[in-house]
Amino acid sequence: MAGRILLGAVIGAHGTKGEVRVKIFTLEPDALCAYGPLTTDDGRRLSVATLRAGKPGEAIVRFTEIADRNAAEALKGRQLSVPRDALPAPEADEFYHADLIGLAVEDSSNVVLGRVRALHNFGAGDLMEVETPKGATEFIPFNSTIVLKVELPTRIVIAPPAYEGT
């Protein structure tokens with residue numbers, strides 16, 4: 001997926017006419033069709049024929065290339081992405097998660113705390129998964145209280161959260 005931005009993942013078939021439910025990783029469902037055809041993680045190119053909002057964080061999509069429920073079920077679990085250069089440049093203080101992966105995480109004294117492995121949102125806000133120099137994994141909130149600045153393409157400076165007992 002290098003050079004690609006993940007926009008969604010197929011979570012199942014919807015109905016009998018080839019529609020699928022897609023977990024969206026965009027602010028709005030319509031963004032799934034805003035950047036051209038989507039590519040699955042196994043290399044298939046899919047063109048959005050119709051799209052409507054589903055449950056919060058989901059969209060119901062019919063792809064031109066998918067004709068029936070059996071074909072839709074075969075897409076379950078597939079990730080949907082577009083080339084990085086198909087997306088507009090982010091606004092100031094906005095970031096694509098993919099651009100943060102691999103950045104050094106440092107405190108305000110320039111001490112390296114680790115590298116960003118992934119970003120997650122389990123429902124209570126964005127979390128950075130940071131691999132420490134010793135190979136351990138820490139989850140750090142990605143919010144304006146903790147993240148002091150993001151300096152692309154090199155580092156993220158944080159005020160490490162205080163933990164009880166430290």
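Mentor: Let's start with helices (DSSP runs of H or I, at least four residues) and strands (DSSP runs of E, at least two), both numbered from the N terminus. By that count, this chain has 2 helices and 13 strands. The model is predicted, so local features need pLDDT of at least 70 and side-chain atom pairs count only at pLDDT 80 or more, while totals for chains, interfaces and linings use all residues. Residues are numbered from 1 along each chain as its sequence is written, and side-chain values use heavy atoms, with hydrogens and water left out.

Trainee: Where is D93, and what makes its phi worth a remark?

Mentor: D93 sits in the loop between β7 and α2. Its phi is positive, about 65°, although D93 is not a glycine.

Trainee: Why is D93 called exposed?

Mentor: The scale is relative accessible area: buried is under 20%, exposed is over 50%, and partly exposed lies in between (1.4 Å probe, protein chains only). D93 has 73%, so it counts as exposed. Across the chain of 166 residues, 34% count as buried.

Trainee: F95 lies in that loop too. Why is its pair with F142 called edge-to-face?

Mentor: Rings of Phe, Tyr and Trp (its six-membered ring) pair if their centres lie within 6.5 Å; planes under 30 degrees apart are stacked, over 60 edge-to-face, and the rest tilted. For F95 and F142 the centres are 6.5 Å apart and the planes stand at 85°, so the pair is edge-to-face. This pair links distant parts of the chain, since F142 belongs to the loop between β11 (137-141) and β12 (147-151), 47 residues from F95.

Trainee: What makes F95 and F142 fall into their accessibility classes?

Mentor: F95 has a relative accessible area of 27%, so it is partly exposed. F142 has 18%, so it is buried.

Trainee: How many aromatic pairs does the structure hold, and how do you know the class of the one between F122 and F139?

Mentor: There are 2 aromatic pairs. In the pair of F122 and F139 the ring centres are 6.5 Å apart and the planes meet at 70°, so this pair is edge-to-face. F122 lies in the loop between β9 (112-121) and β10 (126-131), and F139 in strand β11, 17 residues apart. With 65% relative accessible area, F122 is exposed, whereas F139, with 39%, is partly exposed.

Trainee: How do you know that β9 and β10 pair?

Mentor: Two strands pair if DSSP finds at least two bridges between them. Here 6 bridges join β9 to β10, and the two strands run antiparallel. The hairpin of β9 and β10 has 4 residues between the strands, with G123 at a positive phi near 115°.

Trainee: And what joins β8 to β9?

Mentor: Strand β8 (residues 104-107) and β9 pair in the antiparallel sense over 3 bridges, and V105 has G114 in β9 as its bridge partner. This hairpin also has 4 residues between its strands, and N110 in the turn has a positive phi of about 70°.

Trainee: Why do β4 and β5 count as edge strands?

Mentor: They belong to an open sheet of 7 strands in the order β4-β3-β7-β1-β2-β6-β5, with antiparallel pairing. β4 (45-46) and β5 (48-53) each pair on one side only. Further in, β1 (residues 4-14) and β2 (residues 19-24) pair over 6 bridges, and A13 stands opposite V20 in β2.

Trainee: What makes the contact between E129 and H120 a polar contact?

Mentor: A polar contact is a pair of N or O atoms within 3.5 Å; within protein, one must be able to donate a hydrogen and the other to accept it, and residues adjacent in sequence count only if both atoms are side-chain atoms. The side chains of E129 and H120 are joined at 2.6 Å, and the contact counts as polar. E129, in strand β10, has a relative accessible area of 12%, so it is buried.

Trainee: How do you know which peptide bond is cis?

Mentor: The bond from L152 to P153 has omega near 5°, and it is cis. P153 lies in the loop between β12 and β13 (155-158).
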